[in-house]
Amino acid sequence: MLDQTATLLWLIVFSAAFALAGVLYARHYKNSLEDFVVARNSQSSVATILTLLASSLGAWILFSPAQAATWGGLSAVIGYAIGSMSPRLAMIPLGKRMRELLPRGHSLSEFVIARYGRPMYALTLVIMLFYMFISMTAEITAMSKMITLIAPIPLWVTASIVLLATLIYTSYGGLRASIFTDKVQMFVILPMLFLIVMFGWQAVGGPVQLFDSVKLEAPRLIELSDPVGIKAGLTFFVAILLTGLFHQGNWQRIYAAKDTQSMRRGFLLGGLFVAPFIFLMGLFGLAFVGLGSSGDSSVALFNVILPHVPVWFLVLLIPLGLSLVMSSADTAISAVSSLIAVDLGRIMPHRNTAQMMSLARSLIWVCSIPVLYASSQGFSVLYLFLLADLLCSAAAFPVFFGLYSRRYDGFTATISTLGGLVAGLAVFPRPDGPMDYLLESFLLAAIVPVLISVLIMPLRRHLPKFDLGTLASSTRVLD
């Protein structure tokens with residue numbers, strides 16, 4: 001392990017460097033609210049690819065895929081990898097449709113209130129905010145846990161430093177600062193992940209030795225026909241696919257892309273590139289089992305590599321962790337800031353641009369207080385994500401069906417979403433319980449809204465069809 005004082009110093013220095021880079025970059029651009037929220041039509045395909053890849057590769061990739069592999073095996077890792085890729089691909093047609101219907105849009109919640117009215121809007125907004133709270137909490141928690149593995153620093157200390165640095169540049173520069181630092185952080189993430197794979201290779205003696213050792217310890221984990229693994233893989237695929245559609249950071253990047261072609265190419269390649277990283281990180285869970293390790297499976301990757309790494313690599317783990325967590329946490333912070341600016345602006349239409357930007361910047365600091373508290377508790381990163389996944393699964397069909405159907409109305413969407421939430425939560429596992437019915441909970445949450453919609457829609461045929469052409473005029477100009 002590293003010295004506590006030295007680790008704390010490195011943590012502060014690297015955090016300050018990322019924060020300073022973001023602030024200096026943001027100073028070169030005009031301080032408009034529109035630019036702060038969406039940086040509309042400003043990002044090339046390459047920039048979109050890099051920011052999506054960076055925001056996808058959060059600190060959780062060092063924990064969750066490997067932990068999933070220890071009980072779900074190779075099938076779970078494959079499902080996790082494909083699931084991580086799938087939201088980006090699904091958002092290509094959805095993003096294209098959204099840019100057509102709301103060319104001056106800013107957020108998914110903006111579409112929901114115009115399309116369905118206040119009840120469904122309130123429900124969707126709560127789900128989105130809860131998901132982004134969980135996302136931020138899980139990221140900061142993962143970073144704090146990683147630091148404890150290399151030096152005895154309390155979780156709350158690491159959480160405070162990382163959250164403070166991320167808030168400084170994101171609350172100041174908004175989406176542009178987030179995208180710029182994403183690109184910088186990718187130059188840290190890529191070589192460091194390569195080194196982790198190399199040290200992992202050294203620890204297990206190569207892929208052949210890895211699979212031979214797992215075959216001796218737990219042969220079920222490498223059998224693609226294993227029903228537990230297949231179920232785990234399907235669980236991750238369904239959960240991650242439907243959840244990614246509700247991250248406001250993704251919708252910001254839909255509008256930030258220079259044009260539809262840049263958006264399509266950026267989301268396609270940004271999605272395809274993330275899958276190999278998730279797969280490789282998941283293999284460390286198999287290595288953990290193959291080496292006969294015991295204890296907390298969420299730190300399987302570190303149990304495998306730390307006995308084989310030099311001291312200089314332990315130091316480099318700090319900027320790697322910061323790059324991973326900041327690239328995802330700043331996306332969530334920027335997303336929440338944009339929701340504050342857009343949705344509070346609807347409630348307070350007489351506030352000017354400067355006042356709304358000041359309010360958005362101030363409230364995101366207030367919203368980060370519960371994130372700091374939760375991150376200091378060391379909750380399971382995987383379980384936090386799964387709970388948020390369930391809520392998003394229930395709202396997926398009701399929200400996005402309205403992009404295409406003119407007969408679907410707000411009452412049907414709201415009742416269908418609530419029905420999905422009740423059905424999914426009824427069988428959702430407890431934090432300390434087995435994950436036996438996890439897939440069933442997600443499938444119920446996703447399918448029940450479809451069935452309820454099918455039953456209700458014929459009863460409401462007398463209502464006039466919604467004119468999708470009116471959505472464009474429902475968008476407010478922020479500046």
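Predicted model: local features only at pLDDT ≥ 70, side-chain atom pairs only at ≥ 80, totals over all residues.
A search of the whole structure finds 8 salt bridges, and I will take three of them in turn. In one of these, Asp35 pairs with Arg176, the closest N and O atoms lying 2.7 Å apart. This pair links distant parts of the chain, since Asp35 belongs to helix α2 (residues 33-37) while Arg176 belongs to helix α7 (residues 155-204), 141 residues apart. Both Asp35 and Arg176 are buried.

Next, Asp226 and Arg220 meet through their side chains in a salt bridge, at 2.9 Å from N to O. Here Asp226 is buried, with a relative accessible area of 7%, whereas Arg220, at 31% relative accessibility, counts as partly exposed.

Salt bridges with shared partners also join Lys96, Arg97 and Glu100 into one network. Within it, the side chains of Arg97 and Glu100 meet at 4.0 Å, N to O, and both residues lie in helix α4 (residues 64-101), 3 residues apart, which is about one turn of the helix. An α-helix has 3.6 residues a turn, so residues three or four places apart point the same way. Arg97 is partly exposed at 22% relative accessibility, and Glu100 is partly exposed as well, with 45%.

Let me now move to burial. In helix α10 (residues 248-256), 9 of the 9 residues are buried, so this helix is largely enclosed by the rest of the structure; among them are Trp251, Arg253 and Tyr255.

Finally, Thr141 sits in helix α6 (residues 118-150) and is buried, with a relative accessible area of 1%. Its C-alpha atom is separated by 39 Å from that of Asp409, 268 residues apart along the chain.

Methods. Residues numbered from 1 in each chain as written. Heavy atoms only, no water. Buried < 20%, exposed > 50% of the residue type's maximum accessible area, 1.4 Å probe, protein only. Helix = DSSP H or I, 4+ residues; strand = E, 2+ residues; numbered from the N terminus.
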